[in-house]
Amino acid sequence: MRLSLDVLTVLDAIDRRGTFAAAAEELHRVPSSLSYLVQKLESELGVTVFDRSGHRARLTPTGTLLVEEGRRLLQAAATLESRARRIETGWESELRIALDTVVPFERLLPLVKSFYAEHSHTQIRIGHEVLGGCWDALLSQRADLVVGASGEPPSGSGLTSQLLEQLEVVFCVAPDHPLAQAAEPLSWQTIAPHRLVSLSDSSHRQPPRAIPSAGGQEVFGVATLTAQLEAQLAGLGCGHLPWQIAKPHVQAGRLIVKTLLEAQPPQHFHLGWRSHDEGPALRWWLERLNRPDFIRAALLEPEME
């Protein structure tokens, strides 16, 4: 076996997910098969990948080296496979699209239908990412195109981006939240004792993006913007929401907008892709998505009004 791509994939999943069981769930395998692969690798190479002396297996320095260098090999293999298929057919055999949580999935379905009607030989896979997770998905080859990626791509990453939308964000609380009656503008010292509801960055390999908060403030992390909205409507905490999403609930009295001393700037959302990876399928999607009016009119406002 030695260093196969399969065992490198297993080591990567174990490191990211934290346990053999969680990695097995992600890879749709049983934990015992992962344990067997790792033990076989250790035996064949004469190395120790995991320190099993504690309650949880931890990577040894050798294991860390294998995981870090193995990820580079996995990325190179994925790129090689993609380019080989493209040379053979002229079109990508698969296009992976990652949506930021601000983009409702159902708004992409008409485009998926149109694409399949014209190019059914290219498979479309759609996933969801949060905050810096979109850029991370491009860098780690989890996605070929990201829609609604927030903020700028990492510098020097070789990624191309196109600004799609700029959305105002507002700080909101439920009417029965303790901050609802607090004098404005609110300072971070006033906010600090209260739980903050925040999105959890979905990055796998890049450092997760930090959400502005007061020092030591309790944070309730959620995976989607819908979950954040529901948590704030339930009075479980305070936090920032895009105005387009908060607006109907503010108008109905279910949320109250509070002014801060340090207001958050508007959020910027982008299309993003790898600069060297523009195949015909990717260009098809870019031509139809690279329109600010499409993102605002077709992805956001119809759901929010």
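Which element gives the largest share of the lining of the largest pocket? In this predicted model, local features need pLDDT of at least 70 and side-chain atom pairs count only at 80 or more, while totals for chains, interfaces and linings use all residues. Residues are numbered from 1 along each chain as its sequence is written, and side-chain values use heavy atoms, leaving out hydrogens and water.

The chain holds eleven helices and twelve strands, taken as DSSP runs numbered from the N terminus (helices: H or I, at least four residues; strands: E, at least two). Of its 305 residues, 44% are buried, that is, under 20% relative accessible area with a 1.4 Å probe and protein chains only.

The largest pocket has a space of about 1000 Å³. Here a pocket is an open set of points on a 1 Å grid over the protein atoms alone, where a 1.4 Å probe fits, with protein on both sides within 12 Å along at least five of seven lines; lining residues have an atom within 4 Å of a point. The volume is the space filled by probe spheres set on points joined across faces, edges and corners. Among the 37 lining residues, Arg-96, Ser-140, Gln-141, Arg-142 and Ala-143 are the closest to the centre of this pocket. Helix 4 is the answer to the opening question, with ten residues; this helix spans 61-89.

The lining of the largest pocket includes 17 charged residues, whereas that of the second largest pocket has two. Charged here covers Asp, Glu, Lys and Arg.

Key:
Buried < 20%, exposed > 50% of the residue type's maximum accessible area, 1.4 Å probe, protein only.
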